[in-house]
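Hello,

Here is the structure I promised to pass on. Please open it alongside this message; my notes follow below.

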Amino acid sequence: QRSLSALLTQDGHIVSDLALSDAPIALSALSQADCVLFPIPATDKKGFLFAPNHSSSVPLPGILDVLQPNQLIFGGKISTFLHAEAAKRGLQLHDFLAREDFSVANAVPTAEGALQRAMENLPITIHHSRILITGFGRVGSCTAQRFHAVGARVTISARSLAQLTLAETMG
């Protein structure tokens, strides 16, 4: 999102990105921006803005009230509640993760990050270690491939017989 913010700014857009830092959210800046970036996920489990860098919860109504229908508003994992609240105000939210191409491409850095964390934090090498991957969707399959590539003995646990069969055919 920081990269997207920089690219949009370079293209001449006025960008306001929510909750990417611990800086207070300036509602006046939100209303002046032509592009607004919500975090991924857009909301936390309680329905507030997902803002782990902020010391207090950030309620959505105040944010949504200052946004304008002509603004480009992006985020990820946008809840049905947030979509409904935005629709009431005539706002159009664009969900990155609703795009299959983005979700597939996003699985790669997620899988690489999991491998990196394992390599940094395990007291053993990944080679010949036993690894359990729970789920074999986009992220699970990318993660399994990367661990397998460095010599791990990968086991897949999934609810879908089709995913388990696909994992088996991939070794």
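A definition before the sheet: two strands pair if DSSP finds at least two bridges between them. In this predicted model, strand β3 (residues 72–75) is joined to β4 by three bridges, and the two run parallel. Across that pairing, phenylalanine 74 sits opposite histidine 94 of β4.

The whole sheet is open. It has four strands in the order β1-β2-β3-β4, paired in parallel. From one strand to the next, the twist averages 20°.

The largest nonpolar core has 21 residues. Which of them touch the most other members? They are Val36, Phe38, Leu49, Ile63, Leu67 and Leu82. Helices α3 (60–66) and α4 (80–88) each supply at least two residues of this core. The largest share, four residues, comes from α3.

Take valine 36 as a place to start looking. Leaving aside neighbours within four places in sequence, valine 36 contacts Ser16, Leu18, Leu30, Leu67, Gln71, Leu72, Ile73 and Phe74.

There is also a second, separate core of twelve residues. Among its members are Ile133, Phe147, Ala152 and Ala167.

Last, the cysteines. The structure holds zero disulfides. Is cysteine 35 buried or exposed? Its relative accessible area is 0%, so cysteine 35 is buried. Cysteine 142 has 13% relative accessibility and also counts as buried, because the cut-off for buried is under 20%.

Best wishes

Note on methods. Residues are numbered from 1 along each chain as its sequence is written. This is a predicted model: local features need pLDDT of at least 70, side-chain atom pairs count only at pLDDT 80 or more; totals for chains, interfaces and linings use all residues. Side-chain values use heavy atoms; hydrogens and water are left out. A nonpolar core is a set of buried Ala, Val, Leu, Ile, Met, Phe, Trp, Tyr and Cys residues joined through side-chain atoms within 4.5 Å. Buried means under 20% relative accessible area, exposed over 50%, partly exposed in between (1.4 Å probe, protein chains only). Contact means heavy atoms within 4.5 Å. A disulfide is a pair of cysteine sulfur atoms within 2.5 Å. Axes are lines fitted to C-alpha atoms, for helices over the stretch in contact, and angles run from 0 to 180 degrees between N-to-C directions.
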